[in-house]
Amino acid sequence: MKKMLLSIAAAALSASASAQYIIVNDDMPISINDIEKITYEADDQFEASLLPGRLANDPKTTIFSQALQLTGLADSLRAYIYDNYNGDSRYYQYKSNVHTEVGWYRKNRFKQFTVFVETDSVFAAKGINNLDQLKAYAKQVYDEAYPEDASVSNSTDRRNSLNRFVAYHILKGGIPYWYLTAYDNTSQGAFWLNTNLADMSAWYRTLIPYAALKCSYPMGNDKGLYLNRRGLKDGADKYGKQIRGAKILTDGEQGFDHKCFNGYYFHIDDLLTYGKKTQEEVLSTELWRVDFKTLSPDIMNNADELRGNYLREDGNGETQPDKSPNPKNGRNYIYEWDGMENIKGDTARNHIGLVARRAHYYYWSWQGDEINVFGDYDMTIKLPPVPAGEWEVRMGICTQERRGAARIYLNGQVTIDSLIMRYVYYGSDLSFYDAPFQPKILEYMTKTMLSAVKTDDGKYLVSDLKTGEQLLVNSSFFSSYENRGYYYAWGKYKISNFTGTNPSSGETEDWSQRVTDYRELAKNDYFATFPKCMRGPRECTIGNGGNFANINNCVRYPLGRIISDGKSDNYLRIENLPDSIAYNVEAQFDYFELVPKFVYDNQEIPEE
């Protein structure tokens with residue numbers, strides 16, 4: 001931001017009625033005819049409102065501020081807007097399942113940051129009293145974690161140990177304290193998680209390339225927001241891990257948030273690093289459940305409106321969405337495919353963009369919010385950076401009849417050729433009558449195991465396609481199956497007395513158990529052709545009761561596995577497939593899980 005300085009032509013004392021005027025700093029209007037030249041100078045007050053200026057003027061953060069300047073990262077934190085972004089404030093009305101809503105495009109695209117800062121007193125308690133001692137500490141930590149870069153002495157080099165120390169404290173996206181996790185300091189804030197089973201947590205990419213940071217809010221005696229913590233409430237988690245991490249501090253009347261023009265900074269009470277201990281004991285041995293909105297700083301910049309008042313609805317029975325410029329209960333946002341960091345899409349396809357829907361306490365979505373895409377899409381997501389090792393990538397969604405199909409890629413390789421997101425792909429853990437698509441299962445059974453041909457006298461000649469045996473029956477199932485279609489057939493399928501006559505011997509035979517066994521086999525074979533599906537996590541809950549494991553539509557799809565070297569990015573691509581059944585080719589995305597081998601392949605401590 002710069003001030004405008006005007007040089008006024010001395011001879012010009014008046015202006016014609018048709019002259020144009022400008023107003024500077026709310027002063028009286030000046031005719032453009034009276035202006036000799038325009039020059040600019042830096043606005044010191046504005047510079048002081050940006051993150052580097054605020055940190056430099058905070059008497060508690062002198063050491064960190066010096067490190068910020070020396071590494072050149074202060075220059076990065078002076079940014080506040082994308083100059084080449086041309087947006088507008090129009091809205092688009094859409095319908096997802098039964099909900100009619102409007103989403104708003106962004107008029108401007110801002111650059112915001114969140115910075116976690118050790119105070120000078122915290123540094124002093126660790127024997128760090130000046131910048132040189134901080135350099136030495138950073139070198140000790142990061143030379144161990146990145147021995148290949150131990151010789152990099154230039155502090156502005158991103159591989160330098162001091163640069164890594166500072167960069168790990170910075171997130172892209174301006175996130176207030178009560179939005180860093182789903183907990184919002186209210187009794188309703190615990191809607192989204194059974195906090196007896198897990199702490200409320202979120203994971204974010206930092207300015208260290210390929211390094212993430214964990215934020216969590218445990219509900220123990222020492223409640224608060226911690227960075228890189230392991231445990232459950234006041235104790236260890238089920239894997240025996242308990243690491244306190246660094247806690248965000250209040251700052252007198254200032255509170256937690258130090259609000260700046262381009263983001264927030266927070267005081268923390270312990271040293272924050274991405275050393276070997278953090279990588280191995282905090283981040284690489286627990287499941288990451290990553291809400292979709294945290295994947296991009298562009299979405300997190302709107303976290304307050306996307307949460308909104310999740311206890312209230314916009315209109316009458318979901319039919320009258322709030323179209324006012326300032327929606328009273330929060331705002332749904334639409335992001336263009338070329339206007340997000342970490343999420344990109346094919347702009348040539350027929351689409352409106354990515355719709356981030358604000359939270360509702362009764363939605364079958366984790367944290368009450370979700371992402372929708374309408375129309376044709378092909379998007380690629382840069383996944384959060386994980387430490388070295390083998391990881392399984394999962395996607396959590398709510399299946400609905402109007403949701404379409406997609407092809408899934410991990411790091412450029414197809415892992416699922418067709419994932420139909422209106423289907424619940426459960427397998428052998430459900431009985432036939434609990435499984436979805438019973439008519440489809442029966443159709444598969446009659447094509448591969450049992451076939452029936454109607455005889456002249458109205459009976460059915462049933463052939464066992466596996467053994468070649470036959471049975472002449474008079475079954476209401478087959479007439480129902482033939483006359484009213486597969487949807488009604490399963491309800492008429494009475495197998496308690498599936499008897500008939502052997503056409504060769506004339507003897508009466510009971511095939512009830514045979515048909516029961518074939519039906520179960522058909523169910524398993526049928527679902528084996530689909531992608532693997534998991535129930536939703538039991539610790540995730542919705543506002544009006546229930547956990548995801550008991551809601552059939554809330555499912556997780558394992559998308560595939562990746563081998564991370566801890567020094568490269570991993571990408572998930574989701575490509576829409578033509579699907580005429582789905583309404584408006586709608587897709588819904590809720591959260592992703594990044595699951596280390598230590599968790600999904602733990603023989604001693606089952607994941608669930």
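Predicted model: local features only at pLDDT ≥ 70, side-chain atom pairs only at ≥ 80, totals over all residues.
Next, select the whole of helix 14, residues 512-528. Its 17 residues span 24 Å between the first and last C-alpha, close to the 24 Å expected at 1.5 Å a residue. Now colour the buried residues of helix 14, namely Ser 512, Val 515, Tyr 518, Arg 519, Ala 522, Lys 523, Tyr 526 and Phe 527. Because they cover an arc of only 155 degrees around the axis, they lie on the same side of helix 14.

To see what this buried side packs against, display helix 11 together with strand 24 (450-454), strand 25 (460-464) and strand 28 (508-510).

Keep helix 11 (residues 438-448) in view: its axis comes within 9 Å of that of helix 14, and the two cross at roughly 110 degrees. The two helices are therefore roughly perpendicular to each other. On the helix 11 side, select Lys 440, Ile 441, Leu 442, Tyr 444 and Met 445; their partners in helix 14 include Val 515, Tyr 518, Asp 525 and Phe 527. The residues of this contact comprise 9 nonpolar, no polar and 4 charged.

Finally, move to helix 3 (residues 62-70) and helix 6 (residues 131-145), whose axes come within 10 Å and cross at roughly 70 degrees. This pair is therefore also roughly perpendicular. Select Ile 63, Gln 66, Ala 67 and Leu 70 in helix 3, which meet Leu 131, Leu 134 and Lys 135 in helix 6. By class, 5 residues of this contact are nonpolar, 1 is polar and 1 is charged.

Terms used
Residues numbered from 1 in each chain as written. Heavy atoms only, no water. Axes fitted to C-alpha atoms, helices over the stretch in contact; angles between N-to-C directions. Helix = DSSP H or I, 4+ residues; strand = E, 2+ residues; numbered from the N terminus. Parallel < 35°, antiparallel > 145°, perpendicular 65-115°, else oblique. Contact = heavy atoms within 4.5 Å. Nonpolar A, V, L, I, M, F, W, Y, C, P; charged D, E, K, R; others polar. Expected span 1.5 Å × (residues − 1). Buried < 20%, exposed > 50% of the residue type's maximum accessible area, 1.4 Å probe, protein only. Arc of directions from axis to C-beta.
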